[in-house]
Amino acid sequence: MAHGDGSERIRQVAWTRVIEPQIKRGVRKIDVPIKPLMKQLESEGFLKNRPRQFCTALRKEAFLAEKGLVLDSVEGPPSGTSTTVVLHFRLATDSKARTSAEPEETAEEWAKRVTEPILGLMKEEIAAHGGGMNYLRWVRGEDEGEGAA
């Protein structure tokens, strides 16, 4: 293998064999452990014992931007370069770079995603007032001061 293309090969293999398959399965937070990736490439003739090259190759800003990834954290020793390192990525929500595995969100999907967490939020409050109409009357103050002129 030529000396200059090692980091690009690392990024290409990490993308096609580790990152992209996770995205296709719907994972939005992607973990990339360095040791298994190193072992895989070493078995294909890549230079042995190069954890620093693997760790830095996968942190390259141009690679992250192109693939729409954000590096959330680096798990491992303080140096951040070891066979024990695990890189934790997430998909950049504001990224224009999208994969074929990440289709655009439809308006219906967006509406459901945004409103689902608040469904039933007022259920108990409304029930305490005897239903929706009674709750609205209470909110409007229609029950109070009906005799006031």
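Tutor: Let us begin with Thr81, which, leaving aside its neighbours within four places in sequence, is in contact with Arg52 and Cys55; contact means heavy atoms within 4.5 Å. This is a predicted model, in which local features need pLDDT of at least 70 and side-chain atom pairs count only at pLDDT 80 or more, while totals for chains, interfaces and linings use all residues. Residues are numbered from 1 along each chain as its sequence is written, and side-chain values use heavy atoms, with hydrogens and water left out.

Student: Is Thr81 buried or exposed?

Tutor: Thr81 is placed in the loop between strand 2 (69–75) and strand 3 (86–91); strands (E, at least two residues) and helices (H or I, at least four) are DSSP runs, numbered from the N terminus. Buried means under 20% relative accessible area, exposed over 50% and partly exposed in between, with a 1.4 Å probe and protein chains only. At 13% relative accessibility, Thr81 therefore counts as buried.

Student: Which geometry does the aromatic pair of Phe46 and Phe54 have?

Tutor: Rings of Phe, Tyr and Trp (its six-membered ring) pair if their centres lie within 6.5 Å; planes under 30 degrees apart count as stacked, over 60 as edge-to-face and the rest as tilted. By this rule there are two aromatic pairs. In the pair of Phe46 and Phe54 the ring centres are 5.3 Å apart and the planes stand at 75°, so the geometry is edge-to-face.

Student: What angle lies between the ring planes of Tyr135 and Trp138?

Tutor: Tyr135 and Trp138 are three residues apart in helix 7 (residues 132–140), so about one helical turn separates them. Tyr135 counts as buried at 16% relative accessibility, whereas Trp138 counts as partly exposed at 42%. Their aromatic pair is tilted, with 5.9 Å from centre to centre and an angle between the planes of 35°.

Student: How many salt bridges does a search of the whole structure find?

Tutor: A salt bridge is a side-chain nitrogen of Lys or Arg within 4 Å of a carboxyl oxygen of Asp or Glu. One of them joins Glu66 and Lys67, with the closest N and O atoms 3.6 Å apart. For the whole structure, the search finds a count of six.

Student: What is the N to O distance in the salt bridge of Arg11 and Glu8?

Tutor: Both residues lie in helix 1 (residues 6–24), three residues apart, about one turn of the helix. Arg11 counts as buried at 9% relative accessibility, and Glu8 counts as partly exposed at 46%. Their side chains meet in a salt bridge with an N to O distance of 3.2 Å.

Student: Which residues are linked with Arg9 in a network of salt bridges?

Tutor: Glu44 forms a salt bridge with Arg17, the closest N and O atoms being 2.5 Å apart. This pair links distant parts of the chain, 27 residues apart: Glu44 lies in the loop between helix 2 (34–42) and helix 3 (51–57), and Arg17 lies in helix 1. Glu44 is partly exposed at 41% relative accessibility, as is Arg17 at 35%. The residues linked with Arg9 in the network are Arg17 and Glu44.
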